[in-house]
Every structure is written in structure tokens, then in C-alpha cells.
Amino acid sequence: MTIVDAVAEPLPRAVIDLAAVRHNVAHLTRLIAPAQTMLAVKADAYGHGLLPVAEAGLEAGATSLAVLEIPAGLVLRRAGITVPLLAWLHGQDTDWRAGIEADIELGVSAHWQLEAIAAAGADRPAIVHLKVDTGLSRNGATREEWPGLIRAALELQERGVIRIRAAWSHLADASIADDEAALAEFRSAVVQAERLGASFRVLHLAASSAGIRMPEARFDFVRFGIAAYGFSPFDDSTGGELGLIPAMRLEAPVTEIHVGGTTHARLGIGYADGVPTLGIAKTSIQLNGRRCPVIEVAADSMLVDAGAHRVEVGDTAILFGSGTDGEPTAETYADWAETIADEMITGVAARVPRVYIN
Ligand SMILES: *Cc1c(COP(=O)(O)O)cnc(C)c1O
């Protein structure tokens with residue numbers, strides 16, 4: 001093979017279609033009405049970019065945002081976002097006071113967090129969402145710990161340190177039967193807390209999966225993540241089948257052409273940018289309207305087989321996108337790489353520029 005041409009600076013990019021985000025949020029919000037949408041923008045909005053996605057989601061009908069950690073909430077506040085924000089992942093170095101004074105609502109699942117809030121010395125009461133574990137065993141008070149957490153929270157509320165706003169939990173989404181058992185567990189935890197004297201302004205439980213298929217789990221709002229980005233939370237359907245549009249298109253330029261019996265094109269994107277190295281033999285990408293099998297994935301580049309077709313340096317390959325032009329979606333790519341679309345989109349490296357359209 002001979003190298004025909006090459007360019008110096010390959011630039012992959014992730015094109016984010018904000019109209020797709022707005023479409024998905026509006027579609028999901030209509031589906032769950034009168035419940036409302038809390039848009040999950042954790043992990044830099046699943047790799048799509050925190051602020052542009054937050055703004056698009058709010059325009060399309062989301063009424064609050066789930067940010068995971070306080071610093072991300074502070075970024076949104078500094079950008080002028082005024083809607084309710086919920087942060088629930090706290091560590092030893094969490095700046096509680098900054099979060100409380102920025103009106104970031106706090107998910108609380110343990111005593112030490114209540115103590116840290118009380119010690120923070122903020123100038124106003126913290127708004128807290130008390131989290132109970134309903135089977136996922138991830139970041140929630142166990143049913144044994146729950147009554148103690150409620151009593152401690154009521155005491156702090158009495159002292160004006162916190163205001164209890166919500167009871168909430170997270171579902172495993174493993175099966176409908178599991179989710180129904182967790183729903184019953186959640187209801188019973190709420191009743192128990194109310195008997196102890198708590199009253200909740202809102203309840204929330206469902207993420208994308210239960211939000212779509214379990215109406216009785218929607219309560220006051222659904223915390224939509226993956227579906228808002230255009231993907232199905234279910235194994236047996238695609239985002240498209242649910243009326244959703246994938247919002248991210250991952251593109252890379254052709255940087256070299258090797259002409260031999262068949263044309264091989266090198267693309268300026270590799271595993272350092274988040275391209276999976278698993279399942280390469282099954283994988284194909286879209287180049288000039290045709291699918292091209294992937295031959296290898298290196299750190300900063302990948303090689304594809306363009307067959308007998310004409311390809312030039314500077315042409316744009318699409319690794320995944322909305323699927324409407326024959327390209328794979330992140331769901332298809334995830335199947336080849338034996339993972340889920342969530343990992344494909346959040347795995348796109350920070351060094352890949354995000355470009356916004358619509
Ligand atoms: C990530 C997350 C969500 C969103 O989940 P999806 O399945 O992506 O919709 C909702 N709630 C919590 C607590 C989460 O961590």
C-alpha cells in the first residue's frame with residue numbers, strides 16, 4: 001500500500017443536535033403528564049455538554065435538573081439557571097455551604113450528611129430530599145437506617161437547619177417485577193416516615209425506564225437521563241422505536257488514504273477519544289453514504305475498509321449518529337462493543353470538541 005495523502009491535524013468532533021434534545025424532552029414530558037420532568041444532566045449531560053443541554057431541556061419543558069454533585073450545580077447557577085437543582089453525590093470535601101447558599105437541593109441518605117449540613121453554617125435552611133434504598137443498594141438509607149434518618153432530619157428541621165422537601169429512591173430497572181417490589185417498598189417507607197411526623201411536598205422514584213413503562217412510579221416527577229439523549233432504557237427496543245432521536249453524532253475526518261487492492265482510509269479518531277476496541281470485527285462506520293468495515297482501532301486513529309469506493313482526505317466519517325442517513329446509532333455501536341449506549345456517549349473523551357447545532 002502507498003500513502004497517497006495526509007493531513008497534519010485530525011479533528012474528530014461530537015455534533016450535538018439540541019433540537020433532538022428538545023424533541024426528546026418534550027416527547028417524554030407529554031408522555032408522563034401531569035408528572036413533570038427532572039432532566040438528568042450528570043456526567044456533563046451524558047457527554048453532551050452541561051449548559052447547552054440544560055438550557056435546551058428547560059426550553060422543552062423540563063422543570064428541574066439532576067446534577068449529581070454540587071460543583072456542577074454551581075456551574076449552572078453561575079450561568080444563570082434558576083430552576084430547582086438536585087445534587088446527591090457527596091464526599092468528604094463537599095462544599096455544603098456553597099451548595100446550600102446557591103439553593104441547590106440536597107439528596108441525603110446518611111446521618112453524616114445531615115451532620116455536615118448542620119455544621120456548614122449556611123445562611124439559610126438546606127432543602128433536602130431524603131433517599132431510601134428500595135433494593136438497588138446504591139446510595140440510599142437502608143430500611144433499618146430509614147427511621148433514624150427521618151428522626152434526625154425532623155430534629156434538624158425543628159431547629160431550622162433544613163427543610164424536608166422530598167422522599168425519593170432509585171430503581172434498579174432490572175425487571176418489571178423488581179421495580180414493582182421496589183415501588184411497594186418505597187410507598188411503605190413513605191408511610192413509615194409520615195407516621196414519624198415527616199411530610200413530603202414531593203415524591204420521586206423513576207428514571208427513564210420506569211418513567212416510560214410504569215405510570216404508577218412517576219409520582220411528582222421523573223428523573224429522565226438516557227431517554228432524553230435519544231436512547232432506549234430497554235434491551236428490546238431502540239430509541240427510535242420509542243419516538244426518540246439520538247442527539248449526538250460522532251464524526252472524524254479521513255486523514256490518510258492507502259490505495260491497494262481495496263481502499264483503506266485512516267480516520268483521525270481512536271480509543272483515546274472513546275472509540276471502543278471491543279467487537280471491531282462486527283463494527284462498520286459510515287463514510288460518504290456507505291458502510292465501511294473497521295479494520296483496527298489505535299489510540300488516535302482507526303483504519304476502515306472503503307472497498308472500491310472513492311474516498312478523499314478530509315472526507316467526514318460518521319461513527320454513530322441519529323441513524324437517519326444509514327449510519328449506526330450509538331445503540332448499534334454499543335451492541336457491537338458489548339456495552340450500552342450510555343457508555344458510548346459518556347465515553348467520548350473530553351478532548352473531542354462538542355459542536356452545537358439547532
Ligand atoms: C443517572 C440517574 C438518573 C437517570 O437515569 P436514566 O436511566 O439515564 O434515565 C436518575 N436518577 C438518578 C439518581 C441517577 O443517578
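I count as a polar contact a pair of N or O atoms within 3.5 Å; within protein, one must be able to donate a hydrogen and the other to accept it, and residues adjacent in sequence count only if both atoms are side-chain atoms. I am working with a predicted model, in which local features need pLDDT of at least 70, side-chain atom pairs count only at pLDDT 80 or more, and totals for chains, interfaces and linings use all residues. Residues are numbered from 1 along each chain as its sequence is written, and side-chain values use heavy atoms, with hydrogens and water left out.

**Ligand contacts**

I looked up the ligand's oxygen atoms and found a polar side-chain atom of Ser 208 at 2.5 Å from one oxygen, a polar side-chain atom of Tyr 46 at 2.6 Å from an oxygen, and a backbone N or O atom of Ile 226 at 2.8 Å from an oxygen. The protein covers 91% of the 390 Å² of accessible area that the ligand has on its own (Shrake-Rupley method, 1.4 Å probe).

**Ligand shell**

I then listed the residues around the ligand (a heavy atom within 4 Å), among them Lys 42, Trp 88, Trp 168, His 170 and Arg 223. The shell divides into seven nonpolar, three polar and two charged residues, where Ala, Val, Leu, Ile, Met, Phe, Trp, Tyr, Cys and Pro count as nonpolar, Asp, Glu, Lys and Arg as charged, and the others, Gly among them, as polar. Helix 2 (42-46) and strand 10 (221-224) are the elements that give two or more residues to this shell; helices (H or I, at least four residues) and strands (E, at least two) are DSSP runs, numbered from the N terminus.

**Backbone entries**

I noted that Ala 43, which lies in helix 2, has a positive phi near 50° although this residue is not glycine. I also found a cis peptide bond between Ala 33 and Pro 34, with omega about 10°, and I placed Pro 34 in the loop between helix 1 (18-32) and strand 3 (36-40). Most residues other than glycine have a negative phi, and most peptide bonds are trans.
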